[in-house]
Amino acid sequence: MRPAAPARSREVGRTGLAFSLAVCALAVCALAACGPAGNGGSMAAGGDGAGASSAYTFVPLPADAPARFGFGAQAPDARVAAWDVDVKPDGEGLPPGSGTVADGERVYMTQCVACHGPTGTEGPNDRLVSDAPWDQWPEERAVGNYWPYATTLFDYVSKAMPQLTPGTLSASETYAVIAYILHLNGVLPEDAVMDAETLPAVRMPARDRFVVDDRSGGGEVR
Amino acid sequence: MASNERSGLTRRAWLATTSGVIAAGVLKTQADAVKLMAQEAPAGRAASSMIPGRLVSEVGRRAPAERPRRLLRAEALSSSSRTPLQDLYGIITPADLHFERHHGGIPDIVAEAHELLIHGLVDRPMVFRMADLKRYPAVSRICFVECSGNGGGAYNRDRMPTEITPQALDGLLSTSEWVGVPVSTVLREVGVRRGASWVLAEGGDSAMMSRSVPLEKIMDDALLAYAQNGEAIRPEQGYPLRLLLPGWEGNTQVKWLRRIEITDRPTMTRDETSKYTDPLGDGTARQFSFVMDAKSVITFPSYPYALPDRGWWEIKGLAWTGRGRVTRVEVSTDAGRSWVDAEMQPPVLPKCTVRFRHLWEWDGREAVILSRATDETGYLQPTVQQLWEARGERTSYHHNHQRAWKVAADGAVTFGLGDLV
């Protein structure tokens, strides 16, 4: 595990938390009922109406199946730490380092500008900057008006960007370019510094826009 | 000429046939063909029966005249390609025609060196090689995979297409027999701790494509899939290992799967926040819209086909739902004024496409044909007006509304939804 951000919060947004709790309740019940000889197929139907399907798919493991087959190998701590690179909304997983808006502009102008344009609006790839209202979809869906969590920027940029040389930015360069992008979107002032503590604290304009999927089949079109 | 007439074969037909045979690689040279032409085919014998056929081969190939192809977008750097729905039969998609959607290209992965790490809220973090995973009791499942962006080309009132094929509109849909080990089986090995409620699935591609999935779904019917239609999964589909979540949007079924972290909350990755969320008309956006709702598409007749004459035609298509089984498919040949039940060709499997057909006597007058599916929850595939009303006209993803085709009096078929809205 990378060092967690100091002020770890369990609050993942109303949407995520509510969804988590609902799913958690079901999952815990199911795990408890499952038992060592159980199998996914014996579990309660999900909210997606999946229950009827399991009998078709899953041949339950035989009663004498072992609790553990003994396949696979224990993962060394170092392996887990090296591979566990994602960043959670509360900042868990953010590495040491820091970056300023000014540093980020230098990173952006060398690493990002070709695909995202001089001001983050020109493309040819995804638009990064916008404060347009939501109804102007899709051209205007960008970081400033659509991304609900600033931590997602670190998770995504560190994994997938720059597109042709992913994984080559340092942690501080990543913090910096995120600071710059957030500044272009009017979310951060010019003197902002991003690090493992400040990034999760950024309140994104779209944060409260997201709602849990309320489709559940049946007679109502949602 | 007299002998040719006796044999029922004109010289012209001979020429056409032999050139076809040359194209097929049966004959090496035109000289062979000329030699063959010198012979006379006895009455009742096909030209193909006059020479021995090709020998066996290690890997087969399609008949040269059959050229189903995935459809690429015009851009050189396209990251998706579409299944030729109108060219296929039954429900299984040949693996090399399965639609593609990549977020960082197709990685080259050496299966023997590939490892899956499972860690997080577990008793024992573990790594599994492919040989380990293949040793577990396996299951097979025939189900569809559909990109939730499929069909978005026929949603915008102002940009409703007319000249669009089933492939171009809905080709981000494919069906395969997948084989793998239930994730629930492998999770016994690591021991999931109480309090766990989500998993993060991460790929080994250059985007390290990541999605959060509720543990409930993982325990219900998720597979670690390593085979597709009888062979190892194709590189485009996640070789050597992908997550398979029957009935859920394709993006969640992470390909080139390399890491699973058991968590107590979603990670809020890019592809579950800024992408694959559905902006609604009320200013909110629907998140974690995992399940693919009931949908059907008529694949024949469809653009650019033209019915050559009136009379009996079989309307054919595919229906599917992520919420269990399709229980009914209806077809209308009068622009939705009346509906009749279509035949559903067994098997009708849960979270799988089903082939439907309806025998139709076309009277030669302009007609608009539609289909609509009902699933086992009682959900009826909505009209586009119903989706506009429920989600607004600018939403994205999950465009499962009814499709229409217009058959003109001259038999020409075009996409017909625009005429109905």
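**A covered strand and its partner**

Tutor: In chain B, 70% of the contacts with a separation of 6 or more are between residues 24 or more positions apart; two residues are in contact if their C-beta atoms, placed from the backbone, lie within 7 Å. The model is predicted, so local features need pLDDT of at least 70 and side-chain atom pairs count only at pLDDT 80 or more, while totals for chains, interfaces and linings use all residues. Residues are numbered from 1 along each chain as its sequence is written, and chains are lettered from A and ligands numbered from 1 in the order in which they are written.

The C-alpha trace of chain B spans about 90 × 55 × 40 Å along its principal axes. The chain holds nine helices and 24 strands, which are DSSP runs numbered from the N terminus (helices: H or I, at least four residues; strands: E, at least two). Of its 421 residues, 51% are buried, that is, 20 or more other C-beta atoms, placed from the backbone, lie within 10 Å of the residue's own.

The part to examine is strand β16 of chain B, residues 295–300. Five of its six residues are buried, and the strand is thus mostly covered. β16(B) runs antiparallel to strand β17 of chain B, residues 311–320, and five bridges join them; two strands pair if DSSP finds at least two bridges between them. Within this pairing, B:Ile298 has B:Gly317 of β17(B) as its bridge partner. In a regular strand, side chains alternate between the two faces of the sheet.

Key. Buried ≥ 20, exposed ≤ 12 C-beta atoms within 10 Å, placed from the backbone.
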